[in-house]
Structure formats: structure tokens, C-alpha cells
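Open the model in your viewer and keep the selection tool at hand.

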Amino acid sequence: MEISQNLGSNALRKVALLITKASDLGMNISGYGEAGENQNSGNVYLWLEDYPFTLYIGLGSDTIYANWTNPNNGEEEDIDIEAMPLFDVEAWANGLYNSMEA
């Protein structure tokens, strides 16, 4: 996993929160991925190739969400993952993907 360059101190703090949450969930963060800040939204994200979702923290908050993006039309779905185990987050994202194919 790579961490984007030129992040401010607040964005770096949020990256640390995301990495900690990913580790607490039992996610493998040693694979291909990226942590950074979306310049359009201000969201700080952790994307890992091995998972069907991206973790992020929005601007002005420390709440961690999972985001799933429909690969066909770019529509996005978000869920607060505060008390969710990894299995449930993956099931949520996979369910969205499977409903897309129906």
C-alpha cells in the first residue's frame, strides 16, 4: 500500500485512523492499494485491491465509512461501519454487486 505524498497533518491523522480501523477489522493492508485525499471532496480514503469497497473519512468528521462504486455507472453507496465486522462489510459490498447483476 502506498500513501499519497503532500498530505496535510489532518489528512495524515485520518489515514492513520483508517489504517488502524482496517487492521482492527482484520484486513490485509500489505497488498496493493493507496491511502490519500480526494482533492474534489476532501475525503481521506484507504483503497485496497483485495476488497470490494473503499474505507473513507469525510471532511469535518472522524466517522469511518465504506464506499462501494458501481463499475457500470459510477453510482456510489456508503455505509457507516462503526460497529460492523469485516464479514458484514464485505457482505454489504458483495450484495450491492450481486444486485447490480440481477
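The tour below says what to select and what is there.

This is a predicted model, in which local features need pLDDT of at least 70 and side-chain atom pairs count only at pLDDT 80 or more, while totals for chains, interfaces and linings use all residues. Residues are numbered from 1 along each chain as its sequence is written, and side-chain values use heavy atoms, with hydrogens and water left out.

Select Arg13 and Asp62. Their side chains form a salt bridge at 3.0 Å, N to O (a side-chain nitrogen of Lys or Arg within 4 Å of a carboxyl oxygen of Asp or Glu). The structure holds one such bridge. Arg13 sits in helix H1 (residues 9-25) and Asp62 in the loop between strand E4 (54-57) and E5, so the pair links distant parts of the chain, 49 residues apart (helices, H or I, of at least four residues and strands, E, of at least two are DSSP runs numbered from the N terminus).Arg13 is partly exposed because its relative accessibility is 36% (buried means under 20% relative accessible area, exposed over 50%, partly exposed in between, with a 1.4 Å probe and protein chains only). Asp62, at 43%, is partly exposed too.

Next, select Asn67 in strand E5 (residues 64-69). Is Asn67 buried or exposed? With 10% relative accessibility, Asn67 counts as buried.

Last, select Glu75, Glu76, Glu77 and Asp78, which form a negative surface patch (residues with over 30% relative accessible area and no salt bridge, like charges joined within 9 Å). Asp78 belongs to strand E6 (residues 76-80) and, at 40% relative accessibility, is partly exposed.

Terms used. Patches are made of residues with over 30% relative accessible area and no salt bridge: like charges are joined within 9 Å, nonpolar side chains (Val, Leu, Ile, Met, Phe, Trp, Tyr) within 5 Å. Accessible areas come from the Shrake-Rupley method with a 1.4 Å probe; for residues, only the protein chains shown count as cover. Lys and Arg count as positive and Asp and Glu as negative; His and the chain ends are not counted. The place of a charge is taken as NZ of Lys, CZ of Arg, CG of Asp or CD of Glu.
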